[in-house]
Amino acid sequence: MPDLLLELFSEEIPARMQRRAAEVLKSQVTDALVEAGLTYEGAKAFSTPRRLALHVAGLPAGSNPTREERKGPRVGAPEKAVAGFLRGAGLESLDQAEVASDPKKGDFYVAVIERPGRPSEEIIAEAMPEIIRNFPWPKSMRWGTGTMRYVRPLHSIVATFGPETEEPEVVPFEVDGIRSGNVTRGHRFLAPDAFEVRRLEDYADKLDKAKVVLDADRRKDIIAHDARNRAMALGLELVEDEGLLEEVAGLVEWPVVLVGSFEDAFLELPDEVIRLTIRANQKCFVLRDPATGKLSNRFVAISNIEAVDGGKTVIAGNEKVIRARLSDARFFWDTDLKAPLESRLPKLDSVVFHEKLGTQGARVKRLEALSRELAPLVGADPDKAVRAAHLAKADLPTQMVYEFPELQGQIGRTYAQMQGEDASVAIAIEDHYKPQGPSDDVPTDPVAIAVALADKLDLLTGFWAIDEKPTGSKDPYALRRAALGVIRIVLENGLRLKLTDWLRTATTPHLSAAGEPGVPQGEALYADLLAFFADRLKVHLKDEGARHDLIDAVFALGGQDDLLMIVRRVEALGAFLATDDGANLLAGTKRAANILRAEEKKDRAAIEGAPHADHLVEPAEIALAAAIDTARAAMREALGQEDFAGAMTALAGLRGPVDRFFDDILVNADDADLRLNRLRLLAEIREATRTVADFSKIAG
């Protein structure tokens, strides 16, 4: 079957945009093909700094003809309905429609729409100009006298189509004066001449000979492999950096690994300062001495050319810039060390955290108060927690953090250690920002835990108090990450935290400061924040394989704000429902709930009250009533001891009596008293299961 090869050749595309752009191109082209009635076997997208490419395999030569019958209004319908039907079906008059009959609805119009098949080349040529013109680049530009916008000036388009056994043809179309063809170019400097291409294998092979590695992942492998080998030859090891590797693979089409050096004197700087300086300014990797675990004075640069001098000039240029940047970093370092961290705190009083939430200085005071209250809960020394909160943001005005914002917290810890602060205080200055992502560790030192929780709770309650909550995909203040951070800190450290109490404590200073009309206050605010935590907990547990409906079932009980106990209850509930007893009891409970719902809707009143013992006449209902009493008492005792597995075991005792009740008993008996008593017994089943969870929220 024929294959399609596309290439959009342009000036350099920013590295951060390339991979996503390639996937968008694949998605938009294949969606257009499928919508036009074409199937395909597979598609793969590629990107280099100067091109996006796409290969679509196994396309048919053309689309199949289609026949669609579109049902219209009844015969004799109002004129407006008929006109709308004709317009939608593309008919000029009712003479072009057919009349069909329905035994129940009578005669109605039917439009038979037949579309002939179209050659694939025609479909591709029709779709591509629109895709290219409206390509969703984050940023785009116009150039020359044209009107089209693209990320960088577009120079040429390759579009070939055909089977492997034949010479492919060019799919003809034009975009802003650029006509599609079968000609591309290689490396800008090493092989700039134009050459013709046919299909993917020919295209990739010729690009390789023209010093262009088409596949971004292959470029990454080349860089990583060669960098590790060069490091090993020097008795060193590469400091891995996936983000930098992805970026430099988008900066070069023909990666060449080179090694440079800088003066040993710069190794007096912290390793992270050296790494960030070299990474941010020159996009270079650093090397580590495996014997000491410290950085060496060597770095790896990635060039886009094979220089005639073996890269000496390229390395010399990198060394010159790195030397200058490290000199700046050393100046910042020396300047910062001349003053203790605490001396910088007054500057925070003039740094605005948020216009409605005051300054960083005011925030530090809130963190001090909240950390002191949280400290006993997490086993931390209150005075150390206050000291850590006092210094937590003190590195923000430093020269080093101003130059490298990524170092906030980390450089504060280093300065605190050098200035003789307690080890737990220093650790907390860095770790109170954690976790900053799903792969980041959570703080484990009690002082760090107290300050980290205070930091995140203050952030969440503050922005809730001024009604600046996340909306859709927008979360400019990283509030979702903060809530997940609280959840992970609590769960991974096994902490008992009554969330509502601490939300109240953290919110108090914000409520007095906000007080704006229309902003939720008090209990409404706490309930909204708790629901936000419930959603974040679902995300967290879903990533670990838990079911979101079980979390809903537990939260629906009300008063559930102890995250650790919620998770343990969800785990026990999940294990119970995985058993035959659990699955069958769930089915029986849902059956009871459905009957109750129907009766309550019909009678417009809730089924209330306990069943009367003298109205229990059949053995199955007598046994069920006794089983409910026994199970309820056992569940309450188990839950009082936080033995959730025991509560589920007690609940399992209902499975047999519930099954027998539905097998043997007619709920809607003719006798009204008997019927009401049996409905009350069903309500008892519903209420008994609600001791551990709201079973109506559980799927299945």
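**View A. The S9–S10 hairpin and its turn.** S9 and S10 make a hairpin with two residues between them, and Asp-176 in that turn has a positive phi of about 50°. This is a predicted model, where local features need pLDDT of at least 70, side-chain atom pairs count only at pLDDT 80 or more, and totals for chains, interfaces and linings use all residues. Strand S9 (residues 174-175) runs antiparallel to S10, joined to S10 by two bridges. Val-175 has Ile-178 as its bridge partner in S10. Strands here are DSSP E runs of at least two residues and helices are H or I runs of at least four, numbered from the N terminus; two strands pair if DSSP finds at least two bridges between them.

**View B. S10 next to S7.** Strand S10 (residues 178-181) also pairs with strand S7 (residues 154-162), in the parallel sense and over two bridges. Look for Ile-157, whose bridge partner in S10 is Ser-180. Residue numbers start from 1 along each chain as its sequence is written, and side-chain values use heavy atoms, with hydrogens and water left out.

**View C. The two sides of helix H2.** In H2 (residues 79-89), the buried residues are Val-82, Phe-85, Leu-86 and Ala-89. They sit on the same side of H2 because they cover an arc of only 95° around the axis, taken from the directions from the helix axis to the C-beta atoms. Lys-80 and Arg-87, on the other side of H2, are exposed. (Buried is under 20% relative accessible area, exposed over 50%, partly exposed in between, with a 1.4 Å probe and protein chains only.)
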